[in-house]
Amino acid sequence: MSLSHKHQCREIITKAICGKGRKFSTVTHTVTPPNNPTSILGAWIINHQYEAVAAGDGIEVIGTYDVNIWYSYDKNSQTDVAKETVSYVERVPLSYLDPKHRASTVEVSAEATQEPSCVEASVSSNGTSVILRVEREYAVELIAETKVVVKVCSHHHGDYEDKEFDYVLGDEVDDYQDLDYEGLEDEL
């Protein structure tokens, strides 16, 4: 398109969210305290730490947390707290991924939308350990450089809602058919 045309399209390289995903999971941990538990008085998860890394077509959340179990033993005559650090890797698939992002510029982030929490704790059937059911959820984003196409107008002000524009990109039309335009907002 020549510069003499009233309107033209330009490609802008920008950093954008090029992938998103979310995963809820329930996991089971078995903790064996020094004494055979009679009953569980409480179970907490503390000191949660994690980081995110890109992994193929998803993002892995790698982390640790401490499990504290308050339990009774010796026929409910004594109590103690069992502590154990749990390491985990949670693979979160991306429900959306822009295939045209620049892979060399990828950054990833993860947010625990539900911190790990114990929803059930019980004494195992053999009476020597505690079985914990833990729920956790993560939302992840893949951020990278990508191209967007914008319309450049010769006017710097005014109301453009009543105007019609012809968008002709020539051979470049096929390059942008996979773009998701829902997330773009008109800021004119």
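Author: Buried means under 20% relative accessible area. The model discussed here is predicted.

Reader: Why is S72 called buried?

Author: S72 has a relative accessible area of 4%. The cut-off is under 20%. S72 is therefore buried.

Reader: Where is the place of S72?

Author: S72 lies in strand β3.

Reader: Which residues does S72 touch, leaving aside those up to four places away in sequence?

Author: N36, P37, T38, S39, L41, Q78 and T79.

Reader: What makes the pair of S72 and S39 a polar contact?

Author: Their side chains make this contact at 2.7 Å. A polar contact needs N or O atoms within 3.5 Å, one able to donate a hydrogen and the other to accept it.

Reader: What is the strand order in the open sheet?

Author: The order is β2-β3-β4, three strands with antiparallel pairing.

Reader: Why is one side of β2 and of β4 left without a neighbour in the sheet?

Author: β2 (37-55) and β4 (78-93) stand at the edges. Each has a single partner strand, so one side of each lacks a neighbour in the sheet. From one strand to the next, the twist averages 15°.

Conventions
Residues are numbered from 1 along each chain as its sequence is written. This is a predicted model: local features need pLDDT of at least 70, side-chain atom pairs count only at pLDDT 80 or more; totals for chains, interfaces and linings use all residues. Side-chain values use heavy atoms; hydrogens and water are left out. Two strands pair if DSSP finds at least two bridges between them. Helices (H or I, at least four residues) and strands (E, at least two) are DSSP runs, numbered from the N terminus. Axes are lines fitted to C-alpha atoms, for helices over the stretch in contact, and angles run from 0 to 180 degrees between N-to-C directions. Buried means under 20% relative accessible area, exposed over 50%, partly exposed in between (1.4 Å probe, protein chains only). Contact means heavy atoms within 4.5 Å.
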